[in-house]
Amino acid sequence: LIQNSWDVSIQANNLVNHSVVGVKIVGGGNHQIVITKLWGVQGMGGPPPAIGIELKNTPTQTPGVSDAGNRINIEDVAFHHIGILLNSDSRNNIVSAYTVRDNQIGIMFDGAHENEFSPPVLIVPPRETMMPPYYVNNSTIERNEIGVVFSGDSTANLVKKCMIRENLVGVKITTTSGVPEDNSITENWIENNTQTGLMVENSNKRNYVINNAFEHNWNDSNDTSGILVNSSSGALLILNNSFESERNGIIIEDSSNVELRRNTIESSYDEGLLIQRSFSILVADSQIVNGYDSGIHLVSSNSISMSKLVVSDNLGHGIEIEQSPVIPLGIIKIGGERTEKQGTTSENNEEWGGIIAPGVDGPNATGNTNELLIKENNGKGVYIHDSAAPIQLSLVEIILNGEEGVHIKNTSAVKITNSLIGVTSGGIISGNGVNRASSGVLIESQTKQVRIGEAGEL
């Protein structure tokens, strides 16, 4: 126990078999701690209710002492209820570990602020210790029930450059006594977690998932996803991530105010992106390709904006929309809008269903003048059925799909403008049958209020 103290240095080879806590720091700060092995008690019943290292309300501001964070380096953290716990206003600490493994929770931020967990830096122990310098370029968080948890009112914490693998859940952001906000998960490799790679639940504040690689976060008994967003409304930003060989790349359910930008989802075994019972979702400048089912599937959702996408080479439909309800001011928008200033590009700033969607910088993902490219999917290009929400397709190119380019069934209020459904230019619909089906657009079964072309005619 280090309590209300400053400038303490500890270097230990083994702190093992503790049943309560290995190291606890309360108050004070500016400590330098290096531990080789931090192990709880191993037993047949799993990890005991022990904590490997706990930081509480540290550092604190003391007269005459500057506010200085602690620097913690640990080689191996294992066999605890919580391996590393930062709570109760701990802030500006940097904690590193080679491996955090075989705990119930690997790392937990609970009411902590502006802390960082990242790979260890080069450690040069004092000469008299005879310990050689050591360095590793990534941390591994593995075989925990949950790898990393953000809970309470934790704010502005960072987890980066870690291998997060073989946990039940890789990373979890959840509301307990408070709501996590402005936390970042970035530059991590998140793979082979058996329930989900990253889970966000009951969160109504903004957090960031940026520049991560997700791969195969499921097993045969769990039909889950790279990212699962559930019952959240906190303006979550999912930016510039890759998803490969997931069951579903991303699932959003019972949620709102989620932004997906510049992501690549490929080789999903079910839908690449599944959105259920949700609204105010932005999907932009991304690619959803080579999946074993449909690229994008919307179920009972509204106020969805999709632009600058490539949805191609999926074995199901390109985009499927079903059972979308009517809500005030709600519309499902696929593609963009032709404006006087920008021609075929969408407006740079647009208020969309309560979410502000600023313009996406960088190249158009479609590589052409249209806002969205749907091609060479085995099923229909766009399949809209059993829906009442207004749906708009504009500046969309739909070509070479296995069935109809657009199939509208038992639906009302669909508008198609400034789009190419075929393989040649020169019209709104060019060359029926080029989508390898009898129709470029098929309208059937009590469908009404469909408008094709600006003037409602071809």
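Of the 458 residues in this protein chain, 57% count as buried, where buried means under 20% relative accessible area, exposed over 50% and partly exposed in between, using a 1.4 Å probe and protein chains only. The model is a predicted one, in which local features need pLDDT of at least 70 and side-chain atom pairs count only at pLDDT 80 or more, while totals for chains, interfaces and linings use all residues. Residues are numbered from 1 along each chain as its sequence is written, and side-chain values use heavy atoms, with hydrogens and water left out.

## The overall picture

The protein chain has 44 strands and zero helices; strands (E, at least two residues) and helices (H or I, at least four) are DSSP runs, numbered from the N terminus. Contact here means heavy atoms within 4.5 Å. Of the contacts in the protein chain with a separation of 6 or more, 62% are between residues 24 or more positions apart. The protein chain exposes about 18000 Å², and carbon and sulfur atoms supply 47% of that; accessible areas come from the Shrake-Rupley method with a 1.4 Å probe, and for residues only the protein chains shown count as cover.

## Nonpolar cores and a surface patch

In soluble globular proteins, nonpolar side chains tend to be buried together. A nonpolar core is a set of buried Ala, Val, Leu, Ile, Met, Phe, Trp, Tyr and Cys residues joined through side-chain atoms within 4.5 Å. The largest one holds 75 residues, and Phe117, Met306 and Leu393 touch the most other members. Strand β30 (residues 302-312) gives this core its largest share, four residues. A second, separate core has 13 residues, among them Leu85, Ile146, Met199 and Leu274.

On the surface, Tyr269, Tyr292 and Leu315 form a nonpolar patch with about 310 Å² of accessible area together. Patches are made of residues with over 30% relative accessible area and no salt bridge, with like charges joined within 9 Å and nonpolar side chains (Val, Leu, Ile, Met, Phe, Trp, Tyr) within 5 Å. Tyr269 sits in the loop between β26 (264-266) and β27 (273-276), and its relative accessible area of 33% makes it partly exposed.

## Salt bridges

Side chains of opposite charge can pair when their charged atoms come close. The structure holds 15 salt bridges, each being a side-chain nitrogen of Lys or Arg within 4 Å of a carboxyl oxygen of Asp or Glu. Here are three of them.

| Pair | N to O distance |
|---|---|
| Arg101 and Asp76 | 2.9 Å |
| Glu114 and Arg91 | 4.0 Å |
| Asp254 and Arg277 | 2.8 Å |

Let us start with the pair of Arg101 and Asp76, joined by a salt bridge. Arg101 belongs to strand β8 (residues 94-101) and Asp76 to strand β6 (residues 71-78), so the pair links distant parts of the chain, 25 residues apart. Both Arg101 and Asp76 are buried. They also take part in a network of salt bridges that links Asp76, Arg101, Asp102, Glu142, Arg143 and Arg165.

In the salt bridge of Glu114 with Arg91, both partners come from loops: Glu114 from the one between β9 (105-110) and β10 (116-117), Arg91 from the one between β7 (82-87) and β8, so the pair ties together parts that are 23 residues apart in sequence. Glu114 is partly exposed at 43% relative accessibility, and Arg91 is partly exposed at 27%.

Asp254 and Arg277 also meet in a salt bridge. Asp254 has a relative accessible area of 35% and is partly exposed, and Arg277 is partly exposed at 41%.

Asn207 lies in the loop between β18 (196-201) and β19 (208-210) and is buried, with a relative accessible area of 1%. Its side chain reaches the backbone oxygen of Pro180 at 3.2 Å. Not counting residues up to four places away in sequence, Asn207 touches residues including Ile173, Pro180, Asp182 and Leu236.

Thr174, in strand β15 (residues 169-174), is buried at 9% relative accessibility. The side chains of Thr174 and Glu201 make a polar contact at 3.2 Å, meaning a pair of N or O atoms within 3.5 Å; within protein, one must be able to donate a hydrogen and the other to accept it, and residues adjacent in sequence count only if both atoms are side-chain atoms. Pro180 is one of the residues that Thr174 touches, not counting those up to four places away in sequence.
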